[in-house]
Amino acid sequence: MYVIGLTGGIGSGKSAAAGMFAELGAAVVDTDAIAHELTRAGGPAIDAVRDAFGAGFVLSDGSLDRDSMRRLVFRDPAARATLEAILHPRIREQSRSRIAAAPQPYVVLVVPLLIETGACRDLVRRVLVVDCNEKRQLERAMQRSRLSQAEARAIMAAQLPREERIRHADDVLDNDGDMESLRRQVALLHAKYLTLARDP
Ligand SMILES: Nc1ncnc2c1ncn2[C@@H]1O[C@H](COP(=O)(O)OP(=O)(O)OP(=O)(O)O)[C@@H](O)[C@H]1O
Ligand SMILES: [Mg+2]
């Protein structure tokens, strides 16, 4: 299966672009959504989270306390490594089976930290980066995630700078414009990916 890795900074427009690829007929596998499912109430990673971090990180409904966990892993690299050791292999396996089961001609695998962590890098043939300037990214990240400006800035600072991310890209979506501009670029790439998927 031909797999495109779609990545970009927080709020850059990954989900918006992925939705447009899906409308055009690509399969979309979203590793953020998989991580969410793994840690929802009764999700398959909850027991491992409770064992590693204690019951304090599981809400009364049985789901991961995402806000507490985000704050913890942000200041504690060892905790981050522990969480990643729980989630990454499970995300990978879920991604692999969804990719294998997809009937569409190619798959867009959304991996926010594809370049930063290298997670799932070996599953993708090409890297597609969604790029926008930092001011817009900050506004959009706040609009999308209920983050304060300080939190959004801190997350952006911990991610790769945009120039460096672009250096790893095979293709780039310029998301400084409006949704229509993004849609036009996605349509061009979709045509290219259909061709590549037929004859890699
Ligand atoms: N070209 C655009 N014009 C206007 N709004 C946009 C554009 N692209 C994205 N947005 C909006 O910006 C916000 C962030 O976009 P989106 O959720 O697609 O980013 P993301 O990279 O998936 O973010 P996250 O890292 O939080 O998952 C959303 O509210 C989305 O509707
Ligand atoms: Mg998203």
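Biologist: What covers the buried residues of H8?
Modeller: The cover includes H4 and helix H7 (134-145). Keep in mind that this is a predicted model.
Biologist: Which residues of H8 are the buried ones?
Modeller: In helix H8 (residues 149-158) they are Ala152, Ile155 and Met156. Looking down the axis of H8, they fall within an arc of 100°, so they line one face of the helix.
Biologist: And which exposed residues sit on the face of H8 turned away from that buried side?
Modeller: Ala150, Ala157 and Ala158.
Biologist: Let's switch to the sheet. In what order do the strands come?
Modeller: The order is S2-S3-S1-S4-S5, five strands in an open sheet with parallel pairing. S2 and strand S5 (171-174) are the edge strands, each pairing on one side only.
Biologist: Over how many bridges do S1 and S4 pair?
Modeller: Strand S1 (residues 2-7) pairs with S4 over four bridges, in the parallel sense. Leucine 6 has leucine 128 in S4 as its bridge partner.
Biologist: Which strands does H10 lie across?
Modeller: Helix H10 (residues 179-198) lies across S1, S3, S4 and S5, and runs at about 160° to S5.
Biologist: Now the inside: how many residues does the largest nonpolar core have?
Modeller: It has 34 residues, and Phe53, Met69 and Leu109 have the most contacts inside it. H5 provides the largest share of this core, six residues.
Biologist: What does methionine 69 touch, leaving aside its neighbours within four places in sequence?
Modeller: Methionine 69 is in contact with Val49, Phe53, Phe57, Leu64 and Leu83.

Technical notes:
Residues are numbered from 1 along each chain as its sequence is written. Chains are lettered from A and ligands numbered from 1 in the order in which they are written. This is a predicted model: local features need pLDDT of at least 70, side-chain atom pairs count only at pLDDT 80 or more; totals for chains, interfaces and linings use all residues. Side-chain values use heavy atoms; hydrogens and water are left out. A nonpolar core is a set of buried Ala, Val, Leu, Ile, Met, Phe, Trp, Tyr and Cys residues joined through side-chain atoms within 4.5 Å. Buried means under 20% relative accessible area, exposed over 50%, partly exposed in between (1.4 Å probe, protein chains only). Helices (H or I, at least four residues) and strands (E, at least two) are DSSP runs, numbered from the N terminus. Contact means heavy atoms within 4.5 Å. The arc is that of the directions from the helix axis to the C-beta atoms. Two strands pair if DSSP finds at least two bridges between them. Axes are lines fitted to C-alpha atoms, for helices over the stretch in contact, and angles run from 0 to 180 degrees between N-to-C directions.
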